[in-house]
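Thanks for coming. I will go through some ring contacts and then one hairpin.

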Amino acid sequence: MTRGAPQRMPAEWARHAATWIAWPHNESDWPGKFAPVRWVYGEFVRALAAHERVRILVADDAVATEVKATLELVGAPAGWELVQVATNRSWTRDTGAIFVERAGRKLATHWRFNAWAKYDDWQLDAEVAPAMARAAGVDCVTVLAGGRPVVLEGGAIDVDGEGTLLATEECLQDAVQCRNPELSTAALEGILHEQLGAERVIWLGKGIAGDDTHGHIDDLARFVAPGKVLLCRETNAQDENYRALEENRERLEAARDARGRKLEVIALPMPRALGFEGRRLPASYANFYIANDVVLVPTFNDPADRQALGILAELFPSREVVGI
């Protein structure tokens, strides 16, 4: 369905006033890796702060002291600031405000966060979006349907800035996932249109194996320009991701965006399967982040790392591509 858009979510490659991150503090999110992951976050800030302001959510003065010491040791530039906001976890793409533009004004949209219907400690994260809006000095709009908050995480959607939105049926339409079981697909599309300017939603099927968010698009397929989508591709027909990724490729190749264009679908390799304690992990190069003059890309000490970085460097020639 195609409609006119009352407000618009910009694409990730649009210029940012700031990037928001939350300093890692929940050890259960980083099994066996909690000590080094703080240095990885230091690398995030070092790479970003040279290009745009980085706002770092910290729970208290003790965490603030740790952050300052870490950033000094990694040599991060001065373009960062601390904002005291307590969180349960550090996934701000999912818990934070989704900023939109309406009539030349910036607004923060606040969607309900329920920890992907998996964990019972989400109450602090549910208040991150309003806190971000206050710190940014913008109005915050809580998204409701029938008087009830609508559940959505930022990682569940991707947009081209021109009215097209990507999402998966597994994540947003499967009632088992307990996000919005009372909403029909048409009702959900209407909300995405009204709040984010989604004139057309392109529905893919399933996400990648091991994704405990149940099908987030940010591990699977990403817009890199209007009319261009990067899609993960698995060449091993025996891998559990193969069939779902091929089906998603067929859907994208048959789709048209909000402007009526056929999409150029660009293959992004998958790293070799990674596991922890017998469980498949959702390793994917699609979980990159586009900042003002740099693109941060997850790497896995895998032969495909270089290929993935090269593809992204060709797609973003005016930005430095940095593997993390």
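Tryptophan 23 is buried, because its relative accessibility is 1% and buried means under 20% relative accessible area, with exposed over 50% and partly exposed in between, using a 1.4 Å probe and protein chains only. Before I go on, the model is predicted: local features need pLDDT of at least 70, side-chain atom pairs count only at pLDDT 80 or more, and totals for chains, interfaces and linings use all residues. Residues are numbered from 1 along each chain as its sequence is written, and side-chain values use heavy atoms, with hydrogens and water left out.

Now the aromatic pairs. Rings of Phe, Tyr and Trp, the last by its six-membered ring, pair if their centres lie within 6.5 Å; planes under 30 degrees apart are stacked, over 60 edge-to-face, and the rest tilted. That rule gives seven aromatic pairs. Helices (H or I, at least four residues) and strands (E, at least two) are DSSP runs, numbered from the N terminus.

Is tyrosine 41 buried or exposed? Tyrosine 41 is buried, at a relative accessible area of 5%. Tyrosine 41 also pairs with phenylalanine 44, tilted, with 4.9 Å between centres and 55 degrees between planes. These two are three residues apart in helix α1, so about one helical turn separates them. Phenylalanine 44 is partly exposed, with 21% relative accessible area. Ring pairs join Trp23, Trp30, Tyr41, Phe44 and Trp91 into a cluster.

Next, charges over rings, where NZ of Lys or CZ of Arg must be within 6 Å of the ring centre and within 35 degrees of the ring normal. Arginine 89 lies over the face of tyrosine 119, 4.2 Å from the ring centre.

Last, the hairpin. Strand β12 (residues 221-225) has four of its five residues buried, so the rest of the structure largely encloses it. β12 runs antiparallel to strand β13 (residues 228-233), with four bridges joining them; two strands pair if DSSP finds at least two bridges between them. Alanine 221 stands opposite leucine 231 in β13. Two residues separate the strands of this hairpin, and glycine 227 in the turn has a positive phi of about 85 degrees.
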